[in-house]
Every structure is written in C-alpha cells, then in structure tokens.
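Please examine the sequence and the three-dimensional structure shown below. The paragraphs after them are meant to be read with both in view.

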Amino acid sequence: DNQLEFAILSTRKFTSVLYYVILSKVFGFKVILNYVEYYSAFKKSTFQFRRRINDKLFDYFAPRIANAVFPISEFLIQHISKVAPGRKYFKIPVLTDFEKYKNINISPTEPYFLFCGDAGYKEIIFFIIDSFSLLKPTTPYYLYLIVNGKAEDVQQVKKYANIQQSRETIKMFSNLSEDKLYSLYKNARALLIPLRPTLQDAARFPHKTGEYLGSGNPVISTNYGEMKFYFKDMENMLLADEYEVKLFAKKMQFVIDHPEDAKAIGVRGKEIAAELFDFKKMGTPISKFLESLS
C-alpha cells in the first residue's frame, strides 16, 4: 500500500499549511506541523504588512488546522495549549548528527571563542563583541565570528568589530566548508550562543546548540528559553543569569582562567546532547507518535 499517510510540514507560510490541509481532506492523509519559531515575535518593518498577517495567521491558526504538531520548545507547547486545546503534539528538540565529528581531529591552534550565525542577528553579535572586549587574558585570546547572510549585514558586523580596541583579536569567516566549520567547533575553547529575554528566543531552540555540544567543548549561553530546561550552570553548560554583557563576559573569563574545569563542563554537555539530541534516537518515538494518530 503506497498511500500517503502523513505530511510533515516545515514552512513559515500559512497558505502552504492551508493548501496541504485541504489536500489532506481530499486524499485522506494527516498533516503534522513542524513548529520551531513563534513568528509573531519577529521584528518586522512597518511596510511588511503581508508578513505580519501571515505570521499572525500561522501562529494562531496553523496549530488548529493541523492534525498534530512537532513543537521545539516548552513555550510553543504552552502556546499550542492556548490556541488549539487538545491538539496532539510531540516535542522534538534540537537534533544533532554526531557522525560529523567522527573524522575531525583536535589540532594545536591559538585559543579562541567562537560564534556561528547569520549576520542578521546583529544585536547578538554586537553583544558577544562587547563581552569579549571586557576580557583580560594573560595571553592573547581570539574571537572567531563565522557569519553569513546579507552583504549589508556582514559589513555592519565588520564595521562594529573594527572600532573595538580588541579588533586585532577578532577574526571573521564566511562560506566555510562543513569540514572546516566542524574543525573550528572542535578546536574552540568555548562556543557562544546567548539567548535574549524576548518571546522570539523563548520560543526557539537554535539547532546550533546541538552542533556546538557535539564538539565536547563548553557552550556559553544565558539561562533563558529552552536552555534552562536542559542545562545547569557550571555543570553541563556555562549560563549567565541574565542577558547582560558583564555577566556573559564573566563566563568567558572563567574559560580563560579555568580551562580544565571548563573542558569538563563541555564533556558533560556532550553527554547530555548524546542522550537527548542524537537524531538516530528519535526515529522510534516519532514513529510511535505517528502510529497513535492513525
């Protein structure tokens, strides 16, 4: 029997969800929504009227018309319970492919912190640069910024980095191969992914978190959003209590001052990731959930 049973949708367009829901009524399959962002919380310009309408429709109606939902966060689970009470859901966190580190070796290199992300997240990148600028290492430490995205955004990040007193120790990279990217993860002293106290960051769970943790190096974030549900400060991640430059810099300084303790935190972080975020372990529970919908 080759009949389609399920359609798992990963889209931001409400019209696409509606289209597949209509098709599902005709052909008898079920629609499961992959829900990874609270789109209504995204900053939008005054002129993005269509985007505003789309995001509101998506957040408030897509979970209602889908047969089930795959939310990525506790925030989105609570949201689903409000807009679509009784809707079945199965939480899928960040997923990581640990095999990508299989042939990546640790090699001698200059000590560096690393951030990887879209240049559109300028606020977060500036926050990281400001935190790095407060550090007082006894030997040179570097900040590696792996940024991609719009050329205009990348230029603004470069401009901001160039006006810092620490500009000589800030290096920028773009368009790296996967092997080079994972090599930089593997050899970093710590990997940076601060979350802001916003609805957007409360709802999302950056997949970069899992990739970082797979390196076995310490991850520095903020005790907000999904981080607080999985990790504990000084145990399996370094978590600043608030999204505040001095507090984040303090966690970075800890890595400089206590490298062995920081590495041990990274190892325990990888153990958590291997237990909860390995994509190979999610197949069976997802299959069982889909069977429960039949």
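What follows is a walk through helices, aromatic contacts, salt bridges and backbone angles.

The model is predicted, so local features need pLDDT of at least 70 and side-chain atom pairs count only at pLDDT 80 or more, while totals for chains, interfaces and linings use all residues. Residues are numbered from 1 along each chain as its sequence is written, and side-chain values use heavy atoms, with hydrogens and water left out.

L18, I22, V26 and F27 make a nonpolar surface patch of about 400 Å². Such a patch consists of residues with over 30% relative accessible area and no salt bridge, with nonpolar side chains (Val, Leu, Ile, Met, Phe, Trp, Tyr) joined within 5 Å and like charges joined within 9 Å. The areas come from the Shrake-Rupley method with a 1.4 Å probe, and for residues only the protein chains shown count as cover. L18 belongs to helix α1 (residues 14-27); helices (H or I, at least four residues) and strands (E, at least two) are DSSP runs, numbered from the N terminus. An α-helix has 3.6 residues a turn, so residues three or four places apart point the same way. With a relative accessible area of 37%, L18 is partly exposed, a class that lies between buried (under 20% relative accessible area) and exposed (over 50%), again with a 1.4 Å probe and protein chains only.

Aromatic contacts come next. The structure holds 22 aromatic pairs, where rings of Phe, Tyr and Trp (its six-membered ring) pair if their centres lie within 6.5 Å, and planes under 30 degrees apart count as stacked, over 60 as edge-to-face and the rest as tilted. One of these pairs is Y38 with F75: the ring centres are 5.3 Å apart and the planes stand at 65 degrees, so the pair is edge-to-face. Y38 lies in the loop between β2 (30-35) and α2 (49-65) and F75 in helix α3 (residues 74-83), so the contact ties together parts that are 37 residues apart in sequence. Y38 is buried, at a relative accessible area of 8%, whereas F75 is partly exposed at 22%. Y39 and F42 form a tilted pair, with 5.7 Å centre to centre and 50 degrees between the planes. Both Y39 and F42 are buried, and ring pairs link Y35, Y39, F42 and F58 into a cluster. R12 lies over the face of F42, at 4.7 Å from the ring centre; a charge sits over a ring if NZ of Lys or CZ of Arg is within 6 Å of the ring centre and within 35 degrees of the ring normal.

Helix α4 (residues 122-133) has 12 residues, which at 1.5 Å a residue should span 16 Å, and its end C-alpha atoms are 16 Å apart, in agreement. The expected span is 1.5 Å times one less than the number of residues. The helix is mostly covered, as nine of its 12 residues are buried, among them K122, I124, F126 and F132.

The whole structure contains 14 salt bridges, each a side-chain nitrogen of Lys or Arg within 4 Å of a carboxyl oxygen of Asp or Glu. K43 forms one with E123, the closest N and O atoms being 3.9 Å apart. K43 lies in the loop between β2 and α2 and E123 in helix α4, so this pair ties together parts that are 80 residues apart in sequence. K43 is exposed, at 74% relative accessibility, while E123 is partly exposed at 36%. The side chains of R196 and E123 also meet in a salt bridge (3.5 Å, N to O). R196 is buried at 8% relative accessibility. A network of salt bridges links K43, E123, R196, D201 and R204.

K171 takes part in two kinds of contact. K171 forms a salt bridge with E110, with the closest N and O atoms 2.7 Å apart, and lies over the face of Y142, at 5.0 Å from the ring centre. At 31% relative accessibility, K171 is partly exposed.

N175, in the loop between β7 and α6 (178-187), has a positive phi near 55 degrees although the residue is other than glycine. M234, likewise not a glycine, has a positive phi of about 70 degrees.
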